[in-house]
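Me: Please take me through this model, one contact at a time. Where do we begin?

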Amino acid sequence: MIENKNYYDTIIFMRNKNIHNLIEKIPKAELHLHIEGSLESDMMFNLAKRNKIQLKFKTIDEIKKAYEFNNLQEFLDIYYEGAGVLITEEDFYDLTLAYLKRAQEQNIVHVEIFFDPQTHTKRAIPFKTVITGIRNGLVDGEKKYKISSKIIMSFLRHLEERDAFETLEEALPFKEWITAVGLDSSEMGHPPSKFKSIFEKSLREGLLTVAHAGEEGPPEYITEALNILKVSRIDHGNASINDEEVLKELIKIKMPLTLCPLSNLKLKVVKDLKDHPAKRMLDSGLLVTINSDDPAYFGGYINENYTALANSLNLIEEDIITLAENSINASFLTAAEKRAYIGRIKAIV
Ligand code: HPA
Ligand code: ZN
């Protein structure tokens, strides 16, 4: 009996080791990453010092204690507070390069990052300062770390649509640097339909659209994002698992979802990762991808998200390969670029 147990433990250990090796080495894209959410606490302290800003937290321990969230709003309150240390172009540049360094260590080959301009322009930081820092970070990061990238400008949904119009005006001189617009922040009570006009204008300007929907909100928000905001991807989209019709539609139109398992766990969208819908979604043919959302706040970057999910849902090697391929196919890269990246995945499996 005991010997048997050891035998099965060894098998499970070997299986996990193989899966973890695959997760680490497989080339992948990250499609749901808020650059402000990659602000690690040590960098937060350093920037607070550099910019002479008084933080609410005195020690790293105090920060870590504050990172216990019961819902999205409790997280957002802390996340906006943390972003207050970002002042200069150099700060945004340093933040972006620090993320790309981590990304390279995890074999990320392409990133499509969100930034929240209104979080900064509300504090009188010029739009140009923010986007120039991030853009220069991405350009230098591509040379240094060989990671290609796109920028997604997110509107804060707890603000009014007219605020988003002001932000788009400020963004238009930098349109060449921006691939898509997104929608984030407090979901409940702020449905996608609230932003119908600004998304229409963004589309007319040649920008693609994505939106957070069905993270805490109902499946109807996903339907609104599809039909009214004409999105190319749904960010999160967990609620689709509770609605047969929505699920069917997402599968039919091959709409990608950018799932963020550790975020869902930390924000109590799921009680336990064993309850996460990722595997059921994969098996039903949904085009799901795995991402880190706000890794500095949720306890892990992309590989930790893959690994936690693999452990909780008993993912097999084919699942990991599908998830990595999905991440490339769901990106805003060209068909030729996608083929090249998929080729790199095939070369290692
Ligand atoms: N949801 C909504 N808004 C956000 C998130 C999120 O997970 N992270 C940063 N802004
Ligand atoms: Zn997000």
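## Charged pairs

Me: How far apart are the closest N and O atoms in the salt bridge of Glu245 with Lys248?

Reply: A salt bridge needs a side-chain nitrogen of Lys or Arg within 4 Å of a carboxyl oxygen of Asp or Glu. Glu245 forms one with Lys248. The closest N and O atoms are apart by 3.6 Å.

Me: What kind of model is this?

Reply: Residues are numbered from 1 along each chain as its sequence is written, chains are lettered from A and ligands numbered from 1 in the order written, and side-chain values use heavy atoms, without hydrogens or water. Local features need pLDDT of at least 70, side-chain atom pairs count only at pLDDT 80 or more, and totals for chains, interfaces and linings use all residues, since this is a predicted model.

Me: Which helix holds both Glu245 and Lys248?

Reply: Helices are DSSP runs (H or I, at least four residues), numbered from the N terminus. Glu245 and Lys248 are 3 residues apart, about one turn of the helix. Both lie within residues 244–252, which is helix α11.

Me: What is the closest N to O distance between Arg50 and Asp91?

Reply: Arg50 is partly exposed at 36%, while Asp91 is buried at 0%. The two form a salt bridge, with the closest N and O atoms apart by 2.7 Å.

Me: How many salt bridges does the rule count?

Reply: The pairs named above are among them. By this rule the count comes to 16.

## Ligand 1

Me: What share of ligand 1 does the protein bury?

Reply: An N or O atom in the side chain of Asp294 is 2.7 Å from a nitrogen atom of ligand 1. Taken alone, ligand 1 exposes 260 Å² (Shrake-Rupley method, 1.4 Å probe). Of that, the protein buries 100%.

## Aromatic pairs

Me: What type of aromatic pair do Phe75 and Tyr297 form?

Reply: Rings of Phe, Tyr and Trp (its six-membered ring) pair if their centres lie within 6.5 Å; planes under 30 degrees apart are stacked, over 60 edge-to-face, and the rest tilted. The structure holds 13 such pairs. Phe75 and Tyr297 sit 5.5 Å centre to centre with 75° between the planes, a geometry called edge-to-face.

Me: How many residues apart are Phe75 and Tyr297?

Reply: Phe75 is in helix α4 (residues 72–83) and Tyr297 in helix α14 (residues 295–298). This pair links distant parts of the chain, with a separation of 222 residues.

## Elsewhere

Me: Which residue's side chain makes a polar contact with the side chain of His276?

Reply: His276 sits in the loop between α12 (261–266) and α13 (278–283). His276 is buried, with a relative accessible area of 2%. A polar contact is a pair of N or O atoms within 3.5 Å; within protein, one must be able to donate a hydrogen and the other to accept it, and residues adjacent in sequence count only if both atoms are side-chain atoms. At 2.8 Å, the partner is Asn264.

Definitions and conventions. Helix = DSSP H or I, 4+ residues; strand = E, 2+ residues; numbered from the N terminus. Buried < 20%, exposed > 50% of the residue type's maximum accessible area, 1.4 Å probe, protein only.
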